[in-house]
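Have a look at it first, then read on.

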Amino acid sequence: MHLPDLLLSNPPSLSEQLRWRTDELWSRIVRANCNTQFAQTAPELTEFRHATAGLVDRIDDAILSETFRKTVHLTTYDSYAPLIARFFERPCKASAMVDLFAPGLPDYMIYSSSTSGGPPKTFPKYNRSPKIRSSDAGSSLISNTFRRRTKAYLWYLCCHQMNVKDETNCPVTTIYHTCVTALDQRTRLYLDPEKDEEKMGTFILDHAAPYAAGFIKKLRSFLLIHALFSVGSKSLETMSMAFISTFVDMIRHLDMEFDVVVNCIANGTIPDLEGIAEVRHYLELNIVADPERAAELRRLGRPSALPGWCGYVWPSLRSVTTIANGPFASSAPLAQWFLGPNAAIHARGFGSTEAWIGSPYNPLELNQFKPSHEIIIEFMDTSKSDLISALAPLWEVELGRRYELVVTTQDGLWRYRLGDAVEISGFDPTDGVPIIRFVARPDVIMRFQGFLVREEELRAAMSSVALKMKVVDWTTTIDDRLVPVTIGFFVELVDDQVSDLPLVPEHVLDELKRSNKNIASALVRNTFRKPTIRLVRAGMFSAFRQLKLDEGSNNLGQIKVPVVLPKAAYVTWFSDRAMQEL
């Protein structure tokens, strides 16, 4: 479908319509949450409470939203942490948690991916269960045993129960603890945690793997089981997962254990893998011997030996829907190399643990999003200040300018600094909503003598060589093994059979000098040297993700590798696994 060209600015008529719609949403969220414990006690809302004097319900939408914009101060996770801690007190009492951030009790607690190396952040989510349970669609999602398996669905779905009791110790409700990607998929497909057990041995819709595959807690096992059921089905048409790196990891594990997977397809068996004991029975019920398919796969060979391998294995495959921008962009070239010319990567959207930010404006543009109409998004011009006077609503942003996102949500966040920087690409000609692209997280930087190197510059440098090198994944640290210090890259490749591999550090340096003018002068002053690139053994980035899980993140669905390693222990871990330095 052809989309109209983006507007370079908003005509007054669209700006006015956008303001009216936003004021109405602003008022609806504020009125719903103004009597919660956070709203009544947070220092950041003191001026707002004085200005509205308890009369929020009587104030006109436009006046209420204007009052909000002038009086509510910025918040961070520290603003909410003392009240969020109540959810983890034992015993878990309803009286301590009711009306904390939104009316009533949440039905889900969502934890972040802890990319920065600190403890995961946790956010309550309200009113999700009624939506999940509101439709009879859930009962029709189970497909029969002989239905064509046309979709590889690589989503982690585990939930952990938090049982809430009243003052007499009687059960009140259950709050489910999970990751935001699992909640998103449960909401979309009406997957009630209370009915998980009855679905374990079934297939949902046209998924290639049985439902139980979404509950495997070891990353390698999760990927190999999904690979087994996916390559066992020649009729695959689409794939879906949170991040494009998950697709690359699956193909890489399949490549390394190709013979094991193909033998299982031939014999109709499940391999012996760590962490599948609880679901093995359900997997075995649904694996069928297919020696013809196995013979076909053996003729094709491993994924790394054939460009466009996926197109031969799945002739009908046309799309992989996932997040492939920002820190995941460098995995996209290798993913496309595996996919071939007939299957495209489609953008899934722009999400965070705190809120869903936006959906793709054009799915084939991997970094172009239309902000959600269910939350309030404001744009902070950090070149001015980090005060509320620097905030712009949707109808006041400017083409090409960069902003930090600030969100107000139905789940009780008030002007929360998300920490993501975006750039305005244009305006939707149908309704005037600004279209955004992710730039970077402003707090991800490397500090050198006299200058900084930012996340987007590191990503651009690696992206410039990613396809030529067949980069699986990468991360960085400050390499201070010699003086002067420099940027140290840890990189995993499909293989090391790459022409001109020794010249790659020079190419990376050229791209860094192009994006950061300070680097050239630092080289002249001898306060910076050519970046180093250490190649790590195959499978090490997948092993690092498992390390993060073993440290307690419990978040297989959205585990990330940081662009800059936040801990010295992580640097040592990668250093010990380096096999070659360019």
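## Two cis prolines

Pro-91 sits in the loop that runs between α5 (77-84) and α6 (94-97). Helices here are DSSP runs of H or I with at least four residues, strands are E runs of at least two, and both are numbered from the N terminus. Another cis peptide bond links Val-483 and Pro-484, where omega is about 0 degrees. Pro-484 belongs to the loop between β21 (471-479) and β22 (486-493).

A word on what you're looking at: this is a predicted model, where local features need pLDDT of at least 70 and side-chain atom pairs count only at pLDDT 80 or more, while totals for chains, interfaces and linings use all residues. Residues are numbered from 1 along each chain as its sequence is written, and side-chain values use heavy atoms, with hydrogens and water left out.

## Two positive phi angles

Asn-169 isn't a glycine, yet its phi is positive, near 70 degrees. You'll find Asn-169 in the loop between β5 (160-165) and β6 (171-179). Its relative accessible area is 43%, which makes Asn-169 partly exposed. (Buried means under 20% relative accessible area, exposed over 50%, and partly exposed in between, using a 1.4 Å probe and protein chains only.)

Arg-415 is not a glycine either, and has a positive phi of about 45 degrees. Its place is the loop between β16 and β17 (416-427). Is Arg-415 buried or exposed? With 1% relative accessibility, Arg-415 counts as buried.

## How α13 meets its neighbours

Start with helix α11 (residues 219-231) and helix α13 (residues 258-267): their axes come within 10 Å and cross at roughly 50 degrees. Axes are lines fitted to C-alpha atoms, for helices over the stretch in contact, and angles run from 0 to 180 degrees between N-to-C directions. α11 and α13 are therefore oblique to each other. As for the cut-offs, angles under 35 degrees are roughly parallel, over 145 roughly antiparallel, 65 to 115 roughly perpendicular, and the rest oblique. In this contact, Leu-224, Leu-228 and Val-231 from α11 meet Val-261, Cys-264 and Ile-265 from α13; contact means heavy atoms within 4.5 Å. The residues split into six nonpolar, no polar and no charged. (Ala, Val, Leu, Ile, Met, Phe, Trp, Tyr, Cys and Pro count as nonpolar, Asp, Glu, Lys and Arg as charged, and the others, Gly among them, as polar.)

Now for helix α15 (residues 291-300), whose axis comes within 7 Å of that of α13, crossing at roughly 155 degrees. That makes α13 roughly antiparallel to α15. Phe-258, Val-262, Asn-263, Ile-265 and Ala-266 in α13 meet partners in α15 including Pro-291, Ala-294 and Leu-297. By class, the contact of α13 with α15 has seven nonpolar, one polar and two charged residues.

## Two buried residues

His-253 is in helix α12 (residues 244-256), and is buried, with a relative accessible area of 6%. Leaving out residues up to four places away in sequence, His-253 touches Arg-220, Leu-223, Leu-224 and Ser-542.

Val-508, in helix α19 (residues 504-515), is buried too, at a relative accessible area of 0%. What does Val-508 touch, not counting residues up to four places away in sequence? Val-508 touches Ala-461, Val-465, Phe-489, Pro-531 and Ile-533.
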